[in-house]
Amino acid sequence: MEISEIVTRAFEEKFGKKPDHLASAPGRVNLLGEHVDYNDGFVLPAAINLATRIAFSSSGSEKSTLVALDIDYDETTFDLKGVFDKKDSNGRMLSEWSRYPAGMAWALNEKGLEVNGMNAVFSSDVPRGASLSSSASVEMAFGKAWQKLGGWDIPPMQLALIGQRAENAYVGMNCGIMDQFASACGEKDRLLLLDCRSLEYRTLPLPEDVAIVIADTSVRRTLVSSAYNKRRESCEEAVRLLKTKIPSLKSLRDISVEDFEKLSGLLPAETEMRARHVVYEIARTSRSIPLLESGDVEAFGQLMNECHASLRDLYEVSGPELDLMACLAQPLKGCLGARQTGGGFAGCTVNLVRKEYTDEFSQMLSTQYESKTGLHPAVYICEASKGAEILY
Ligand code: GLA
């Protein structure tokens, strides 16, 4: 059964009538520009055909009652007063999953946007903790739902920024804008190129003869957000130190590869490695655009491979299973590039594969990965998809 149907039926069972509306927001995959969004760099993600769906109606009161089908039908009820203290309507601390919708309610309210009580049932086929932005898809889907009930309208990028604010200040993950942006602004069959400083973006076609294949190591890690926040602190430290020589430097976006090579001695060893990844990755993403535009998918794939090596050796956000998955994929027939995608440590790799080899590639990769690890990986042939929307 389709997720839309599952949440609709579950809504009817729980609330005794059909939902008035259905909201949807996709996860994302990132092709290039990893861990650069919070350094004002360029990113190249696409929204994917895996999404969070919410069946919802107004509750007619201040309270919102939400049911998370994927968390064993866990239920929470909160209102705006409690949300400030991260408490539900009974004064208990909000559970982990409910902080994403509650954070959205909090951040929307902070912007002066009306947040009405809703009854909702939601579910997602974006795998959780797999670096495909399941959290951003929940945030954007709830953002859209509250937008529908409140009758206000804001551009998708504004909704993305509100989602990022919720995640930074409410959930406590100091993420950049990429995930919420891709989930809010995704376009069918298009890659998105975002300048994370100006927030200007444009779309690019995916060359016709290639497919994006996502491979899930099926491994998850805990404490990812504290490791992520630490990486971000290292970048900030690098900026502080480099600023002593380049006073106009605002972020690692502002230093060229050449100047970085001259000044990198100013940085302590670990900070230098982190900054080196970022400076080179921003340059790689800039170099990749004309390659994509001219259809040079081989050279583009090579940059993806370089990105993986840099994330593994310099930024140190890979993991043994991600390394294995990328390393098995790269030499396979038809594979142009393979690397971990998203925040890292575990979760998924993204692979650029010639269309005629997609099935053979997926088959070989799963078999080889399974025989080495005993783990069965999910492999998705991904379609670039539309961003968050109200389906009815
Ligand atoms: C996570 C964050 C994003 C981005 C990526 C790494 O997905 O939410 O903002 O920093 O990691 O590129």
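Begin with the whole chain in view: among contacts (heavy atoms within 4.5 Å) between residues at least 6 apart in sequence, 71% join residues at least 24 apart. What you have open is a predicted model, in which local features need pLDDT of at least 70 and side-chain atom pairs count only at pLDDT 80 or more, while totals for chains, interfaces and linings use all residues. Residues are numbered from 1 along each chain as its sequence is written, and side-chain values use heavy atoms, with hydrogens and water left out.

**The whole chain**

Colour by secondary structure, and the chain shows 12 helices and 13 strands, where helices (H or I, at least four residues) and strands (E, at least two) are DSSP runs numbered from the N terminus. Taken along the principal axes, the C-alpha atoms fill a box of roughly 60 × 50 × 35 Å. The radius of gyration, taken over C-alpha atoms, is 21 Å, which agrees with the value near 21 Å that a compact globule of 392 residues would have; the globule rule behind that value is 2.2 Å times the number of residues to the power 0.38. Switch to a surface, and its accessible area comes to about 16100 Å², of which 48% belongs to carbon and sulfur atoms; the area is from the Shrake-Rupley method with a 1.4 Å probe, and for residues only the protein chains shown count as cover. Buried residues make up 58% of the 392 residues, where buried means under 20% relative accessible area, exposed over 50%, and partly exposed in between, with a 1.4 Å probe and protein chains only.

**The largest pocket**

Next select Tyr100, Gly129, Ser134, Ser135 and Glu167, which lie nearest the centre of the largest pocket among its 48 lining residues. A pocket here is an open set of points on a 1 Å grid over the protein atoms alone, where a 1.4 Å probe fits and protein lies on both sides within 12 Å along at least five of seven lines; lining residues have an atom within 4 Å of a point. The volume of this pocket is about 1300 Å³, a volume being the space filled by probe spheres set on grid points that are joined across faces, edges and corners.

Which elements each supply at least two residues of this lining? Select helix 3 (99-110), strand 6 (118-124), helix 4 (134-150), helix 5 (156-171), helix 6 (178-185) and helix 7 (224-242) to see them; the largest share, 5 residues, comes from helix 4. By class the lining has 19 nonpolar, 18 polar and 11 charged residues, with Ala, Val, Leu, Ile, Met, Phe, Trp, Tyr, Cys and Pro counted as nonpolar, Asp, Glu, Lys and Arg as charged, and the others, Gly among them, as polar.

In helix 5, pick valine 171, which at 27% relative accessibility counts as partly exposed and, not counting residues up to four places away in sequence, touches Arg99, Tyr100 and Ala166. A distance drawn from valine 171 to leucine 352, C-alpha to C-alpha, spans 33 Å, and the two are 181 residues apart in sequence.

In helix 7, pick serine 234, which counts as buried at 10% relative accessibility. With residues up to four places away in sequence not counted, serine 234 touches Glu270, Thr271 and Arg274.

**The second largest pocket**

Move to Asp189, Leu206, Pro207, Val210 and Lys355, which lie nearest the centre of the second largest pocket, lined by 13 residues. About 240 Å³ of space lies in this pocket, and its lining divides into 9 nonpolar, no polar and 4 charged residues. Strand 9 (210-216) and strand 12 (378-382) each supply at least two lining residues, and strand 9 gives the most, with 3.

Finish with two residues in loops. Tyrosine 73, in the loop between strand 4 (64-68) and strand 5 (74-78), has phi near 60°, a positive value in a residue other than glycine, and counts as exposed at 54% relative accessibility. Serine 218, in the loop between strand 9 and helix 7, has a positive phi near 65° and is partly exposed, with a relative accessible area of 34%.
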